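Me: Please examine the structure shown here and answer some questions about its architecture.

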Amino acid sequence: MKIKQKIDAFLNYTEKDINLVSYIKSNIVFFEKIKHGNWPELIDILNKLPEIPENIEIELNQSVICVKSNLILENNPLNILLKKLSPWRKGPFSLYGVFIDTEWQSDHKWARLAPHITPLIDRRVLDVGTGSGYHLWRMLGAGARCAVGIEPTVNFIAQFYAVAHLLGESRALIIPTTLEQSERKPIFDTVFSMGVLYHRRSPILHLQELSECLRSGGELVLETLIVDSQDQNVLMPEDRYAAMRNVWFIPSIPLLRVWLIRSGYINIRVVNLEYTSPDEQRATEWTDFKPSLVDFLDAEHPNKTIEGYPAPLRAIIIANKK
Ligand SMILES: C[S@@+](CC[C@H](N)C(=O)[O-])C[C@H]1O[C@@H](n2cnc3c(N)ncnc32)[C@H](O)[C@@H]1O
């Protein structure tokens, strides 16, 4: 099975890094615990992916994560198989000529944060809530020694392993669970949490759990929705926010700063603030043209969501573990 091969190859690649190997081994159990009804079907699709040719060219440090080869994959069913893993939200990818135009242009987020983070050269990196793992590939492209993702959604996990197989890459891995359920060890140099904080009922616990994955002095890169206020405020939607379920707390920057201080972080700096644009998040054929940002904003007042809340404003904050 392709996932088993990838885990073995990752453990092989990192074998001298005893702490990392022990961290992965203590989390391997989550592969057996995946209970979602779609999982066998997704595994079946992964198993049908074609073997990759020997001479391939991969690009991990460009907007589009790309793999190409001069050899044509025989009876190439790739387009159909990859479509079956839809909806593809985070990307884009170009895999042997199949261009996956995802709902999010995730390279925009990367471009906003990349100039501000400590260079990833030779660092161990964790990306919590990694989705399809697009940013894991960008982290490797930026020189990380290895990149581990944590992600509970089975479709996205399958997308990651499909891409990993087609890239022929073994320096990244996804652990299929939530951060709070995972076994945590303070071994990572940089920990990313992007688009997750507002999904947690307890944002403070989330910040503490992120800290439990960082070595002392390590860097947290936090990207989240915020409300525009100079005071310590928080928006708690009554029900949905921009059509999203499970949005709990959207803090102002001054409040988020206090949450970070109380959770043991220092050197807290806001490096980017930006409203999400319909250029960055839009319907595509890879999500079956399901509704996207423009449908979630008030048509007459695009600075409001359809529920009447302020439109999505996102911040990137960098901090260090004490
Ligand atoms: C809004 S997406 C963000 C994806 C990516 N990090 C990005 O910024 O483009 C949030 C992701 O976090 C995952 N997620 C939600 N709760 C989580 C948790 N408690 N632990 C880890 N991942 C979680 C979701 O399944 C989803 O894929």
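Me: In what order do the strands of the open sheet of four strands lie?
Reply: The model is predicted: local features need pLDDT of at least 70, side-chain atom pairs count only at pLDDT 80 or more, and totals for chains, interfaces and linings use all residues. Residues are numbered from 1 along each chain as its sequence is written. Strands (E, at least two residues) and helices (H or I, at least four) are DSSP runs numbered from the N terminus, and two strands pair if DSSP finds at least two bridges between them. The pairing in this open sheet is mixed, and its order is β1-β2-β4-β5.

Me: Which are the edge strands?
Reply: An edge strand here pairs on one side only. That applies to β1 (56-59) and β5 (98-100).

Me: Which residue of β5 is the bridge partner of Leu95?
Reply: Strand β4 (residues 93-95) runs antiparallel to β5, and three bridges join them. In β5, the partner of Leu95 is Val98.

Me: What angle does the direction of helix α8 make with that of β4?
Reply: Helix α8 (residues 154-167) packs on the sheet and touches β1, β2 (65-69) and β4; contact requires C-beta atoms, placed from the backbone, within 7 Å. Axes are lines fitted to C-alpha atoms, for helices over the stretch in contact, and angles run from 0 to 180 degrees between N-to-C directions. The angle with β4 is about 50°.

Me: Which element has the lowest mean pLDDT?
Reply: pLDDT is the predictor's confidence in each residue, from 0 to 100. The chain averages 95, and 98% of the residues score at least 70. Among its elements, β10 has the highest mean (99), and the lowest (91) belongs to helix α11 (residues 293-296).

Methods
Two residues are in contact if their C-beta atoms, placed from the backbone, lie within 7 Å.
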